[in-house]
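Please look over the chain as a whole before turning to its parts.

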Amino acid sequence: MSLANKLAEERRARLAAERLLELKQAELSAANRKLGRHALALTKKIGRTEAEVATVRDENERFKSDLTAANQKIELAERRLWHSIQSIRDGFAFFDADNIMIGANSAYLALFDGMDEIAPGVAYTRILQVMTEEGIVDTGDMHPADWRQMMAERWHQPTPEPINIRLWNDEYLRLVDQRGHGGDVVSLALNITETVRYEEQLKAARTRAEAANRAKSAFLANMSHEIRTPMNGVVGMAELLADSDLTEEQRLYVSTIKNSGEALLVIINDVLDYSKIEAEKLTLHPEPFDLERCIHEVVTLLQPTARDKGLALLIDYDIFLPTRFVGDPGRIRQVLTNLIGNAIKFTLTGHVLIRVTGVPAGAGEEAAIHVTIEDTGIGIAPEQVNLIFGEFNQVEGQQNRQFEGTGLGLAISRRLVEMMKGRIWVESEVGKGSCFGFRLTIPAADGPQPQAPRLPHGLDRVVVVDHHKINASVLEKQLRQLGVAVTCCSSTPEAFEVIDHSVGLIMCEHSMAEMDGFELAEALREKGITAPILMLSATPDYAENDPARALVTAVLQKPLSRSEVFTALSNLPDITQPDPPAAPPPAPAQAEPAAKGPARPLKVLAAEDNKTNQLVFRKMIKDLDIELRFAFNGEEAVAAHAEFAPDLIFMDISMPGMDGKEATRHIRAAESGTGAHVPIIAMTAHAMDGDREDILACGLDDYLTKPLRKATILDRIAEYCPDDVRPPLPELA
Ligand code: ADP
């Protein structure tokens, strides 16, 4: 190879090497740059980590110091707690779930008089053993082993009841143990020696006081008894004296002696009863008795007072409740007499309702009886309600001054009811009334109890006629319970309209306004109603003598006795066929014409469009010797005036067509110039029919408002009866 070639080759090679070098240098600087960036990132990261480490170190330091402070606090609290526990004079110990003592204060340990064994680590059962073995506890009549067993059983209960124990030195401890969540038990031994001593003293003092009180009550009981004997002499002799020949003045003296004596006897009886109860000398004499009859006897005795005051006395004895129980009937009667007597005494208008409900029981089983006596009287203020069952407590106040009494009745009743293991209470509102109640749990008597009656077959509708709403509703409730539909009517005319052939039974109050019960019975029979009628009467003797007595099936005494109602219902005949559809029309509305006698009877014309009211009117004057004619409206009245020439006209004001006022104007027009003037008396249902002046201005002479009263009608007839006719009223004859 030429030198030139060699040089050229060498040059090429050098150039190539230089290029390679440049390339490598470029790569190297790129790698260097990358390395630089990486190093920078790394440096930053290291910086951050160092900061974090510093924070964590700080926090750690803080936590450490907090922990130390907390620990110090806990230690302090623990020290204080323990110090307190140590300083209390009651024993305190705590045990773990395995009943091993963890700690106890010195008062607790002192019980064991420094025995080394009683220290943390000892088992509860061992403590019990030491207590009996060392004679620390006085187990009384109990054998030590039994006592330990009893105590161990108690300890293992989830919530042991506190227990009192007596120590050898006559001190008393009350052990209160409480089990915590983990099974730990905290045990307190409270020293109650002083309380026990105090209680013993109190008990002794109370026993002495009670004995003294009993002695006082026994003395009172004896005294009352002693006073009663001569008092009986006073009352009895006054009675005998009253029957002898006396002047009016002497009679007054004797009756005053007798009444005062009797009043005194009532008071003495109360005092005697009360002191007997206090002296624990009153015993109950249980025997089988009939509660319903008992209530009826009390009500019968008190009925005259209630009747004099115009109060309704009602009994609602639950239809499905037995009536025969075992108890002391005399004492139950006494409670009833007091409560019902008070209800009547403190009620001026309205009613007294005795309600008996309860949970029935079979023979020999205990029945819960609930008796309430509800009145519509003066009521009792709330602040007095709790006092009235106390002895000699009476509500003070103007209104109460008018009522007599000793204030012992309710106290005696409460004690008697409590002796019968019952409860007595009252709910009351001043001015509205009171409701006294008592509850007894007494066994039902052996033997048959009255059964709900078997109703006559086919009886499904009953009409009850009574103006007294509560009375009617009591009966309604009982009849409904027996499964019949009941319609209540508050007046006889209403009943007369309502009762048709679908009615299977009528139960009617005897003493009703407008038509009384028997008059309704007569009217119904005339209307063709054949359904049986039960007459309810507060004066059955009087009712039994009514000429229409034969029209009714039975007369029942009010307040109704359930058994009497049951018997009457059971005795009713079955309803086999429907009643005859058509009723014979009522007899012509006219009295028999006067057949003989010197003078003719009084002629009365009554203008009245309502048939029921015609009936009422006719019934009211049925005993009079008169000739009666009815007109159904004004036109008929005017015509009858011309043709019948009545001596007296009763004129309904509102009638369809020509009304009473217009009819009167026509009659007066017809009379004008003749000198005749027939008395016309207006009858109106309410004042709305026109005022008195307006009516009198139309030529009427007098004015009556409905409901008409028999006495008023008779008065008017007597007043307007001319002299030349037969006297219409027997007493005018
Ligand atoms: P007494 O009737 O002899 O005063 P009670 O012990 O029977 O004694 O009654 C105590 C008092 O309770 C009565 O004086 C009266 O103030 C009040 N009281 C009792 N029953 C009623 C009642 N039904 N309505 C209103 N007050 C009554």
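How far apart do the C-alpha centres of domain 2 and domain 4 lie? They lie 55 Å apart, in a protein that is divided into domain 1 (1-87), domain 2 (91-191), domain 3 (196-278), domain 4 (287-443), domain 5 (461-570) and domain 6 (602-732), with bounds that come from an automatic or database domain assignment. The model is predicted, and local features need pLDDT of at least 70, side-chain atom pairs count only at pLDDT 80 or more, and totals for chains, interfaces and linings use all residues. Residues are numbered from 1 along each chain as its sequence is written, and side-chain values use heavy atoms, with hydrogens and water left out.

Threonine 132 is placed in helix 3 (residues 124-133); helices here are DSSP runs of H or I with at least four residues, strands are runs of E with at least two, and both are numbered from the N terminus. Threonine 132 counts as buried because its relative accessibility is 13%, where buried means under 20% relative accessible area, exposed over 50% and partly exposed in between, with a 1.4 Å probe and protein chains only. Apart from its neighbours within four places in sequence, threonine 132 is in contact (heavy atoms within 4.5 Å) with Val137, Thr139, Pro144, Trp147 and Arg148. The C-alpha atom of threonine 132 is separated by 8.4 Å from that of alanine 145, 13 residues apart along the chain.

Turning to helix packing, helix 8 (residues 329-345) and helix 10 (residues 409-419) meet at an angle of about 145°, their axes 9 Å apart; axes are lines fitted to C-alpha atoms, for helices over the stretch in contact, and angles run from 0 to 180 degrees between N-to-C directions. In this contact, Arg331, Gln334, Val335, Asn338, Leu339 and Asn342 of helix 8 meet Gly409, Leu410, Ile412, Ser413, Leu416 and Val417 of helix 10. By class these residues are six nonpolar, five polar and one charged, with Ala, Val, Leu, Ile, Met, Phe, Trp, Tyr, Cys and Pro counted as nonpolar, Asp, Glu, Lys and Arg as charged, and the others, Gly among them, as polar.

Within helix 10, the buried residues are Gly409, Leu410, Ala411, Ile412, Ser413, Leu416 and Val417, and these pack against helix 6, helix 8, strand 12 (423-429) and strand 13 (433-443). Helix 10 is followed by lysine 421, whose phi is positive, near 60°.
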